[in-house]
Amino acid sequence: MTLPLEGIKIVSLGVSISGPVGLRHLADFGAEVIKIEVPEKGDMVRHWDNVVNGEGSVHFWVNPNKKSLTLNLKDIKGKEILNKLILDADIFLENFSPGSIDRLGYDYKNVKAMKKDIIYVHTSGYGQDGPYKSMKAFDGLIQAETGIIEMTGSKQEPAKMALSICDGVTGLFVALSCMMALKQRDIDGSGQEIDVSMFDCMVSMLGYFPFHFFQNDYIPERIGTGHHLLAPYGAYPAKNDKLIAIACASEVTWHNFARALDREEWISDSRFSSNSKRYNNLDALLEVFLPVLKTKDREEWRKTFLEFGVPCGCVNSLDEVCNHPQAISREIFKEVKGQYGNIKMCKFPVLFNNIEPLLEQPPLLGEHTDIILNKLGISEEEIQKYKEEGII
């Protein structure tokens with residue numbers, strides 16, 4: 001089967017997560033992504049842990065379906081090789097602190113001079129301009145700067161999201177932006193310089209909260225698993241303190257919720273007759289329904305709520321998610337054979353009726369160096385010399 005991005009070639013100087021995970025999505029659909037890595041060391045994410053047969057777990061998340069080429073870009077011979085790769089590339093991505101790529105000699109102006117229609121992608125913490133452009137950025141730091149930590153957690157204490165949510169979201173914008181630029185190039189033949197900022201991407205994910213601030217100077221309080229607009233909406237303890245999540249986003253759902261708990265009198269209670277009243281009387285609402293939830297375990301409630309049309313979900317631990325019946329049914333995790341052994345990996349999470357995305361293990365450090373250089377017309381003798389000189 002031909003994949004939609006076959007024939008698209010990408011040269012990546014991406015490190016860490018946000019840029020590489022964005023290109024992983026393109027590699028899933030057939031784009032040839034050549035990941036340039038430092039000889040002997042490789043991308044730092046290879047070494048954050050060694051949980052996957054000696055290799056880093058993040059590497060397995062962000063680098064499947066790619067090729068690894070080791071290259072010393074501090075040497076003119078290494079740059080000559082990179083120049084040849086750029087001449088044959090559609091997309092060039094760099095993921096360094098702003099200014100670093102300029103010092104290497106691969107700013108947009110220089111790369112465009114090599115390849116007129118190149119799609120050039122910057123991925124950074126705060127973008128290529130502005131007062132924060134030189135600030136170092138990691139997921140937790142962007143969560144802090146964009147308000148996520150301050151808005152998350154209990155009333156007593158803020159919390160960082162456990163997921164690398166900023167990296168993941170930024171990666172999606174990287175992939176989407178590349179696709180838009182490729183489409184624009186199809187239309188007019190032009191290249192593009194793309195500036196993807198983790199900060200900008202996460203501010204855009206604040207959703208409806210900025211509207212409340214701009215209209216009413218509203219600053220949200222931390223409310224744990226609750227919702228800032230709806231009630232009841234959150235995760236609440238059932239029997240044995242196992243949590244079940246409930247979402248009453250309409251009056252019909254609220255009525256069904258009351259009936260499911262066999263408390264139909266709540267529907268006519270003036271304190272709870274509308275969402276705004278329920279929200280303003282949240283303490284009273286919790287006082288009446290929390291004791292009822294404690295009378296049954298969460299699986300009993302899940303079945304009851306489904307019968308009454310109340311949206312709900314169990315608050316699962318990681319082992320419960322990895323063995324979730326829905327995950328098994330949808331085959332989200334697949335065992336992939338490769339140089340690291342048989343490893344369970346998460347596939348691209350969207351199903352198509354006639355496209356099967358790739359799912360191959362990420363490359364060993366420098367695994368494709370010889371193959372890529374051979375394609376560039378570099379002989380085996382030259383390759384061996386490059387290795388001896390520390391170029392590759």
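These legends describe close-up views of a predicted model. Local features need pLDDT of at least 70 and side-chain atom pairs pLDDT 80 or more, while totals for chains, interfaces and linings use all residues. Residues are numbered from 1 along each chain as its sequence is written, and side-chain values use heavy atoms, without hydrogens and water.

**View 1. The largest nonpolar core holds 29 residues.** A nonpolar core is a set of buried Ala, Val, Leu, Ile, Met, Phe, Trp, Tyr and Cys residues joined through side-chain atoms within 4.5 Å. Buried means under 20% relative accessible area, exposed over 50%, and partly exposed in between (1.4 Å probe, protein chains only). Ile8, Ile10, Leu26, Ala31, Ile91, Ile119 and Val121 touch the most other members. Two or more residues each come from helix H1 (18–27), strand E4 (91–94), strand E5 (119–124), helix H8 (165–188), strand E6 (192–197) and helix H9 (198–204). Helices (H or I, at least four residues) and strands (E, at least two) are DSSP runs, numbered from the N terminus. H8 gives the largest share, 7 residues.

**View 2. Ala31 and its contacts.** Contact means heavy atoms within 4.5 Å. Not counting residues up to four places away in sequence, Ala31 touches Leu5, Ile8, Ile10 and Leu26. A second, separate core has 26 residues, including Ile36, Phe92, Val111 and Leu373.

**View 3. Phe29 and Phe348 form an aromatic pair.** The structure holds 18 aromatic pairs. Rings of Phe, Tyr and Trp (its six-membered ring) pair if their centres lie within 6.5 Å; planes under 30 degrees apart count as stacked, over 60 as edge-to-face and the rest as tilted. Phe29 and Phe348 are edge-to-face, 4.7 Å centre to centre, with 90° between the planes. Phe29 sits in the loop between H1 and strand E2 (32–37), and Phe348 in the loop between strand E11 (341–346) and helix H17 (369–375). The two are 319 residues apart. Both Phe29 and Phe348 are buried.

View 4. Tyr236 lies in strand E7 (residues 233–237) and Phe289 in helix H13 (residues 282–293), so the pair ties together parts 53 residues apart in sequence. Both Tyr236 and Phe289 are buried. One aromatic cluster takes in Tyr236, Trp254, Phe257, Trp266, Phe272, Phe289, Trp301 and Phe305. The charged end of Lys296 sits over the ring of Trp301, 4.8 Å from its centre (criterion: NZ of Lys or CZ of Arg within 6 Å of the ring centre and within 35 degrees of the ring normal).

**View 5. Ser16 in the loop between strand E1 (9–13) and H1.** Ser16 is buried, with a relative accessible area of 13%. Beyond residues up to four places away in sequence, Ser16 touches Asp43, Met44, Val45, Trp48 and Val62.

**View 6. Phe199 in helix H9.** Phe199 is partly exposed, at 27% relative accessible area. Leaving aside neighbours within four places in sequence, Phe199 is in contact with Gly125, Tyr126, Ile142, Glu145 and Thr146. The C-alpha atoms of Phe199 and Glu145 are separated by 7.7 Å, and these residues are 54 apart along the chain.
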